[in-house]
Amino acid sequence: MNTLQQRLNIIAELYFRMGGTQAVICPGSRNAPLVVAFVRHPRIHCIPVSDERSAGFIGLGMAQQSKKPVALICTSGTAVLNFYPAICEAFYQNIPLVVITADRPAELIDQWDGQAIRQEGVFKNHILQELTLDPDGEMEGPMLELLEAGIQQNLPVHINIRLREPFYPGPGERYTYREERIRIRPASLLPVHYSLNDIYDINALMDQIRESITPEKKVKLLVILGFGHCTSDAMNAVDKAQQQLNFPILADLLSNYHETNVIRNYDFILDQSQDSECLQPELLISIGGAVLSKNLKRFISKYKPLQHIHVQAYGHIGNPFQSLSAVLRTAPELFFEALAKIEIDATAYYDLWKEKEERISTLEPMLGLPFCELKVAARVLASIPAESNLQLANSMPVRYPMLLGIDPTIKINSNRGTSGIDGCSSTAVGAAFISGKLTTLLTGDIAFFYDVNAYWNRLHLPHLRIIILNNGGGGIFRLIEGPSSLPELEIYFENLHHRTALNIAKDFDFHYWKAADDQELEAALENFYEDSDRPKILEVFTNRYINQRAYKSFREQVLNITTAHN
């Protein structure tokens with residue numbers, strides 16, 4: 001075996017030894033020895049994907065579901081840059097992508113040589129660490145350190161390798177790999193960067209909470225569960241602590257926390273500024289990532305708690321409410337187990353939230369609505385089989401389950417790290433592939449057409465179901481304040497079109513149904529989730545003007561019932 005190939009095989013070997021078993025590989029020339037090193041490894045499963053932007057999100061979806069690192073491999077130049085959107089999403093979702101890029105020799109950079117760009121440091125703002133390696137230098141030590149940090153912290157890392165020709169292996173070369181695995185150290189043992197200086201331990205925080213409690217032990221304690229990061233152990237600990245202390249829980253749809261004690265309609269409750277001050281928390285505890293509800297963000301930002309503690313063992317931490325006073329770097333279950341032992345009574349505060357929610361639960365705002373996107377979303381969400389997976393594209397599809405509810409046994413994911421539409425389909429493809437479970441992608445037309453290359457691969461996905469809400473382009477801009485009243489709305493915001501997914505379905509050999517009224521929708525859904533030999537698409541067409549009026553009517557009905565009791 002040539003020396004170059006022998007040394008690059010170390011990268012594949014170390015990746016496997018650190019727990020990696022999946023790699024998404026994009027074709028190229030400069031990355032040939034990397035491709036061979038991974039493809040010929042007997043324990044790494046490699047997936048070829050031609051479009052680097054799509055490949056990045058497919059890898060993201062795989063890592064999102066498996067909770068394990070996924071490698072992305074590409075050639076040099078602009079191919080590298082197309083990984084960036086998925087890397088950003090992974091950074092804010094705390095997902096451990098291992099990005100491995102081939103590079104040109106240093107002397108060729110900026111010298112008008114093909115695909116020779118400045119790759120070193122190109123992802124530096126949205127990764128944990130990076131390495132630029134020369135195959136002739138030390139590799140194993142720096143690689144081990146980098147991989148351990150990225151996997152342990154659940155953040156993307158970048159390995160950039162400068163390669164000189166010749167880099168194609170010779171015929172008949174044999175490949176050998178070691179197979180022993182390496183144990184990753186626990187998260188609490190490794191240092192983590194965070195922008196605030198107030199990073200506490202559990203005992204210090206518990207003492208601080210005790211000192212702030214009044215003799216009556218009554219406190220307005222609020223718990224917010226954000227997107228992802230919440231293990232089943234954490235959820236169980238939150239549930240037990242809630243039963244003991246009786247505090248309200250506001251759980252984001254994408255936290256996948258669906259216990260009966262949660263305040264489900266908080267977005268509607270907070271959609272009335274004149275009645276929110278009484279709900280201001282004294283102590284706020286948050287775990288997980290971002291929250292979807294803009295009303296919740298506005299509420300906490302305006303009515304800040306006296307103390308806000310965020311609990312997260314690893315990864316990037318944000319401060320979306322600009323209220324954070326303390327960070328605890330530990331497993332959330334440990335924090336809530338300790339919290340449950342403090343004598344606190346949050347019952348009165350919980351009852352205040354619950355009373356407001358019960359007003360909304362009597363409302364049936366869907367009655368009388370015409371065929372519109374909101375009504376379609378309600379019907380589609382009700383049709384998704386229990387215990388299956390749901391991937392939600394950004395824009396309105398991710399908001400409909402928050403407004404309408406969904407079967408709590410359905411596992412939900414979405415690209416809410418950066419909230420872009422650019423890789424929603426690709427992420428769903430990766431998630432469906434690695435999970436092997438029935439997976440529904442609920443997407444809008446723009447997100448679907450933008451990421452059509454998600455389906456340009458060799459993956460066999462008979463369990464993938466795609467439901468497209470086609471309103472003719474950018475329907476969300478009619479439903480939010482600001483752009484809906486601008487004269488430039490139709491041309492510069494909505495991106496109007498007359499496209500359908502029919503020919504795309506034919507190109508990729510997918511089953512296809514369409515619906516434009518209640519009867520057609522019911523007929524399509526009748527066997528949409530039956531077993532299939534290939535993916536299925538259901539495209540539902542609605543009128544953007546009717547959608548706008550129906551959505552406005554829906555929100556007004558909810559607002560009227562919540563304000564009628566004030």
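Biologist: Before we start, what are the ground rules for the numbers?

Modeller: This is a predicted model, in which local features need pLDDT of at least 70 and side-chain atom pairs count only at pLDDT 80 or more, while totals for chains, interfaces and linings use all residues. Residues are numbered from 1 along each chain as its sequence is written, and side-chain values use heavy atoms, with hydrogens and water left out.

Biologist: Fine. What makes up the secondary structure of the protein?

Modeller: There are 20 helices and 18 strands. Helices (H or I, at least four residues) and strands (E, at least two) are DSSP runs, numbered from the N terminus.

Biologist: And how much of the protein counts as buried?

Modeller: Of the 566 residues, 56% do. The cut-offs are these: buried is under 20% relative accessible area, exposed is over 50%, and partly exposed is in between, with a 1.4 Å probe and protein chains only. The accessible surface comes to about 24000 Å², and 49% of that belongs to carbon and sulfur atoms. Those areas come from the Shrake-Rupley method with a 1.4 Å probe; for residues, only the protein chains shown count as cover.

Biologist: Why is Glu-539 called buried?

Modeller: Its relative accessible area is 0%, and the label needs a value under 20%, so Glu-539 is buried. This residue lies in strand S18 (residues 536–541).

Biologist: What is Glu-539 in contact with, leaving aside its neighbours within four places in sequence?

Modeller: Contact means heavy atoms within 4.5 Å. By that rule the partners of Glu-539 beyond those neighbours include Phe-449, Ile-468, Arg-499, Tyr-512, Trp-513 and Lys-514. Lys-514 is 25 residues away along the chain, yet the two C-alpha atoms are separated by 4.7 Å. For the protein as a whole, 77% of the contacts with a separation of 6 or more join residues 24 or more positions apart.

Biologist: Now the glycines. Why is Gly-121 called buried, and why is Gly-19 called partly exposed?

Modeller: Gly-121 has 15% relative accessibility, so it counts as buried. Gly-19 has 22%, so it counts as partly exposed. Gly-121 sits in the loop between S4 and strand S5 (129–133), and Gly-19 in the loop between helix H1 (3–17) and strand S1 (22–25). The C-alpha atoms of Gly-19 and Pro-69 are separated by 7.3 Å, although these residues are 50 apart along the chain.

Biologist: What makes Lys-217 and Ser-395 partly exposed?

Modeller: Lys-217 has 35% relative accessibility, so it counts as partly exposed. Ser-395 has a relative accessible area of 24%, so it is partly exposed. Lys-217 belongs to the loop between helix H7 (202–212) and strand S8 (221–225), and Ser-395 to the one between S13 and helix H14 (400–404).

Biologist: How do you know that the reach of H15 is close to the expected one?

Modeller: The expected span of a helix is 1.5 Å times one less than its number of residues. H15 (residues 424–435) reaches 16 Å from its first C-alpha to its last, close to the 16 Å expected. Gly-436 follows, with a positive phi near 70°.

Biologist: What makes helix H5 mostly covered?

Modeller: Seven of the 10 residues of H5 (residues 84–93) are buried, including Ile-87, Cys-88 and Phe-91. H3, strand S4 (97–103) and strand S14 (411–414) are among what covers them. Asn-94 comes after H5, and its phi is positive, near 60°.

Biologist: Last one: which residues line the largest cavity, and how are they classed?

Modeller: The lining is Glu-373, Asn-471, Gly-475, Arg-478, Leu-479, Arg-544 and Asn-547. By class that gives one nonpolar, three polar and three charged residues. Ala, Val, Leu, Ile, Met, Phe, Trp, Tyr, Cys and Pro count as nonpolar, Asp, Glu, Lys and Arg as charged, and the others, Gly among them, as polar. On a 1 Å grid over the protein atoms alone, a cavity is a set of points where a 1.4 Å probe fits but cannot get out, and lining residues have an atom within 4 Å of a point.

How values were computed
1 Å grid on protein atoms, 1.4 Å probe; cavity = no way out; pocket = protein on both sides within 12 Å on 5 of 7 lines; lining within 4 Å.
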